[in-house]
Amino acid sequence: MNPTQDEIAIVGAGIVGLAIAFHLQREGRKVRLVERGGVAEGASYGNAGAFAFSDVLPLASPGMLRKAPKWLFDPLGPLSIPPGYLPSIAPWLLRFWRASLPDRYRASIAAQSELMRLSSRAMDGMIAGADLSDHVRRDGNLQLYESDTEFRASLPGWEAREQEGIPFEHVRGQRLAELQPGLSPRFIIGSFTPHWQTVSDPYRFALALFDRVMAQGARIVRGDVTEVAPAEGGVSLRLSDGTSSKASAAVIAAGAWSRALSTRLGDDIPLETERGYNTTLPPGAFELHRQLTFGGHGFVVTPLSTGIRVGGAVELGGLKRPPNFARSEIMLKKAASFLPGLKTDGGKQWMGFRPSLPDTLPVIGTSSASNRIVYAFGHGHSGLTQSAATAQLVTDLVAGRPSEISLDPFRPDRF
């Protein structure tokens, strides 16, 4: 057999693709990463850097739908859709609304909770196996509220977390000030999640994993995959430059660029793109003790080894529209008022594409065209968090063995 045909091809070298490569290698598989751009230079580069294992609430929720109309009319609000993009995204929004119905909402929480529990265990194993522990911070997360009304509105979400066994603490006064000194007094209550973890820098974390994968014999091919198709004895991959190759199996983990490949395979998966914005300030911009979440404003502030990252929000705008960095600027302006003393000079702006599905659950499963082609995309805000669990589940699929959790909620054909 041609040695390249004996490899498993992984389309996408972001954090999910890298984790899959690592897990496959641990079972003695040869892997080939195929990447259209730079390694981990998509959403894996500029995300908020959290292992958000307690973040089990879907974006599609009854509470979100009550807020959405007001937000949508604010082009710089926490949730925005450019008016010209509304016709394109209308079918996705209909599915999003259906996903918010009470029975589907509860089912999504249950599925997300099970995946997050596996994610925590699998990430611990990957960090130990790849010697990545120096990249991890264990400071917890503090969600902040400006009024008792805002806090009370959050309580159903905390009750849902409590039912899933997620520890947290509601704090006020001195305890709040201890968890994060220097907050504006406008924030009167916080919810502290002690087991929340962040990485020192998500890009450096991904590159460290890439180095480990390459040291174990992986190959990387630079090119834009335009087609993955079944072939005799495996699969074929075609690149935009006209070249093609074969592999024993393929995993599509190309993030926001995965839909075109799944569509060509006959699978209509409603993948949409959440465009996320941030500004990374230089180290020393503020004495930040842990990641802070300003939920009412749709963004977080994260301490990194490379500085202070202020970012978040949701802009459903596809892959082709130019960035609107006014969104980064408004978040930074708000952060300066929420954290008096924050130095806002010298920041670097960024925009990235989060691959999102209407029910906030990823697609993990085989294509309808061939069980040698596996999908692993659509993680939304949780790609880093769920990367190791997704890798474990994909490795089970490739090996043809039962998975530790049911894959039914993540089926490609569930829509």
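Me: How do helices H1 and H8 lie to each other, roughly parallel or roughly perpendicular?
Reply: This is a predicted model with residues numbered from 1 along each chain, where local features need pLDDT of at least 70, side-chain atom pairs need 80 or more, and totals for chains, interfaces and linings use all residues. Side-chain values use heavy atoms, leaving out hydrogens and water. The axes of H1 (residues 15-26) and H8 (residues 202-215) come within 10 Å and cross at roughly 30° (lines fitted to C-alpha atoms over the stretch in contact, N-to-C, 0 to 180 degrees). Under 35 degrees counts as roughly parallel, over 145 as roughly antiparallel, 65 to 115 as roughly perpendicular and the rest as oblique, so H1 and H8 are roughly parallel.

Me: And what handedness does the crossing of H1 with H8 have?
Reply: Both are DSSP runs numbered from the N terminus (H or I, at least four residues, for helices). Left-handed is when the near helix is turned anticlockwise from the far one by less than a right angle, right-handed when clockwise. H1 passing H8 comes out as left-handed.

Me: How many nonpolar residues are there in the contact of H1 with H8?
Reply: H1 brings Ile 15, Leu 18, Ala 19, Ala 21, Phe 22 and Gln 25, and H8 brings Phe 205, Ala 206, Leu 209, Phe 210, Arg 212 and Val 213 (contact being heavy atoms within 4.5 Å). Ala, Val, Leu, Ile, Met, Phe, Trp, Tyr, Cys and Pro count as nonpolar, Asp, Glu, Lys and Arg as charged, the others, Gly included, as polar. One residue of this contact is polar and one is charged, and the nonpolar count is 10.

Me: How does H1 sit against H5, roughly parallel or roughly perpendicular?
Reply: Here the axes are 12 Å apart, and the two helices pack at about 75°. That angle therefore makes H1 and H5 roughly perpendicular.

Me: Which residues of H5 does H1 meet?
Reply: On the H1 side you'll find Ala 19, Phe 22, His 23 and Arg 26. Ala 19 and Phe 22 also turn up in the contact with H8. Across from them in H5 sit Gly 125, Met 126 and Gly 129.

Me: How many residues in the contact of H1 with H5 are charged?
Reply: Nonpolar residues number three, and polar ones three as well. That leaves the charged class, at one.

Me: What about H5 and H11, roughly parallel or roughly perpendicular?
Reply: H11 covers residues 383-399, and its axis is 7 Å from that of H5. The pair packs at an angle of about 85°. So H5 and H11 are roughly perpendicular.

Me: Which residues of H11 make the contact with H5?
Reply: H5 puts in Gln 112, Leu 115, Met 116, Leu 118, Ser 119, Ala 122, Met 123 and Met 126. Met 126 is one of the H5 residues that H1 meets too. From H11 come Leu 384, Thr 385, Gln 386, Ser 387, Ala 388, Ala 389, Gln 392 and Leu 393.

Me: How many polar residues are in the contact of H5 with H11?
Reply: No charged residue takes part in it.
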